[in-house]
Structure formats: structure tokens, C-alpha cells
Amino acid sequence: FVRAAGPGLVFLRSGERISQMFDLRTQTRKMAVQATTRDGIPVETNVSVTFHVRRVSPDERRPRSVTPDTIPYPYDREAIFQLAYAGSVAGAEDRQNWTEQVYPAAATLLVSEIGKYTLDQLLVSGGAEPMGKIRDSIRHTLGARQRGEDKQVLSPGIEIVGVGVGPVGLPDEVLKKRVTTW
């Protein structure tokens, strides 16, 4: 890795080649999740994660720049370096890009978080309060993985903008049983 070249016309140096291109726009990924509550009831939901390449703070200037850059998607050059090496291999020839690593981690965390609640706890007040706690916990744990506080590491070159959890879906027989109980 030599450098991160910004958008626009870029001249390559002698012997230099482009190894990777990064989409600096905000990314959103969504994944369906099947989990089991603490009382053994299967539920379906989804998790979505919004993220982008870590950006420099608005009050920070880039090195060798007199004025703040006017590029539409500012980025931290160190984040590009970190993400260039953040790819993983999932299978024989299947390389997983940095954009495809965040949402599976969030889905795994969602499954473990749902397992901490009973179905009644998940459905209290329409599920808003427990799902808010679950969402906050997932975001906190993803941040801990970026800081290296967790055994599973997530690249610090990613800035997680938001985490969303969909409504809980129940199997038909569970819905019928709840209706007859009411």
C-alpha cells in the first residue's frame, strides 16, 4: 500500500498500480434473521446497518492542504489503508469485501440478543423498548469490535452510522395461540 488517491484525475507513478477502489458513499445493508427467544419460540426479523468509510472531522484539515477539501465524500486516508487490508476469505475463492463484513456481524449479535428475552418481553409496548435496547447493544458491541475490545475484530476504518432492527415476526401457530389466549 502506497497511498490513497482522491477522486478526479489521478496520475499513477512509475510502477504504481491500482489495487482497489472504494465507494465513499454511505452504504446500507440489510439481512433477514431467524432467532429463538429465551423461552424457545422461533421469531423472524431483520437487521440493517448503515456505514461508510471513516471520515475526517469537519474541523480537521488534511495534510498538505491549505484549505478544507471540497470533495463530496471526505475520507480519512488512514481509514483507506485499514480497509485495504480488511478483506477476508470465506471459502475457497470467495473474498469478502469490507462492505460485506458489517451486517453478518450485526445479524449474529441480534440472534444472541433476542435469545436473552422471552417472547412476552419482546412484545411489551409493541416491542419498541426491548428492540431499542437490542439495537443500542448491537451498535455498542460493533464499536467495541472496532476498538479491539472484543475477540472478533471489525476494521476501525468503518464508521457505523446506524443500526436498525425490524419488527418481530411470529409463526402462524404462535399467533393463533396468542389470539386464543387473549
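Of the 182 residues of the chain, 37% count as buried, where buried means under 20% relative accessible area, exposed means over 50% and partly exposed lies in between, with a 1.4 Å probe and protein chains only. The model is a predicted one, in which local features need pLDDT of at least 70 and side-chain atom pairs count only at pLDDT 80 or more, while totals for chains, interfaces and linings use all residues. Residues are numbered from 1 along each chain as its sequence is written, and side-chain values use heavy atoms, with hydrogens and water left out.

**The chain as a whole**

- The chain has five helices and five strands, where helices (H or I, at least four residues) and strands (E, at least two) are DSSP runs numbered from the N terminus.
- Read from the N terminus on, the elements follow the order β-β-α-β-β-α-α-α-β-α.
- Among the contacts in the chain with a separation of 6 or more, 64% are between residues 24 or more positions apart, a contact being heavy atoms within 4.5 Å.
- The chain exposes about 11600 Å², of which carbon and sulfur atoms supply 53%; accessible areas come from the Shrake-Rupley method with a 1.4 Å probe, and for residues only the protein chains shown count as cover.

**Aromatic pairs**

- A search of the whole structure finds three aromatic pairs, where rings of Phe, Tyr and Trp (its six-membered ring) pair if their centres lie within 6.5 Å, and planes under 30 degrees apart count as stacked, over 60 as edge-to-face and the rest as tilted.
- One of these pairs is formed by Phe22 and Trp98, which are tilted, at 6.3 Å centre to centre and with 35° between the planes.
- Phe22 lies in the segment before β1 (27-36) and Trp98 in the loop between β4 (95-96) and α2 (102-114), so this pair ties together parts that are 76 residues apart in sequence.
- Phe51 and Trp98 form an edge-to-face pair, with 6.0 Å centre to centre and 75° between the planes.
- Because Phe51 lies in strand β2 (residues 42-53) and Trp98 in the loop between β4 and α2, the pair ties together parts that are 47 residues apart in sequence.
- Phe22, Phe51 and Trp98 form one aromatic cluster; Phe22 is buried, Phe51 is buried at 0% relative accessibility, and Trp98 is buried with a relative accessible area of 2%.

**The largest pocket**

- About 730 Å³ of space lies in the largest pocket; on a 1 Å grid over the protein atoms alone, a pocket is an open set of points where a 1.4 Å probe fits, with protein on both sides within 12 Å along at least five of seven lines, and a volume is the space filled by probe spheres set on the points, which are joined across faces, edges and corners.
- The pocket is lined by 25 residues, of which Ala4, Ala5, Ile18, Gln20 and Met21 are the closest to its centre, and lining residues have an atom within 4 Å of a point.
- The lining divides into 17 nonpolar, four polar and four charged residues, where Ala, Val, Leu, Ile, Met, Phe, Trp, Tyr, Cys and Pro count as nonpolar, Asp, Glu, Lys and Arg as charged, and the others, Gly among them, as polar.

- Glu113, found in helix α2, counts as buried at 11% relative accessibility, and apart from its neighbours within four places in sequence it is in contact with Ile134, Ser137 and Ile138.
- Glu16, found in the segment before β1, is buried with a relative accessible area of 19%, and it touches Val2, Arg3 and Phe11 when residues up to four places away in sequence are not counted.
- Glu16 and Val2 are 14 residues apart in sequence and 8.4 Å apart in space, C-alpha to C-alpha.
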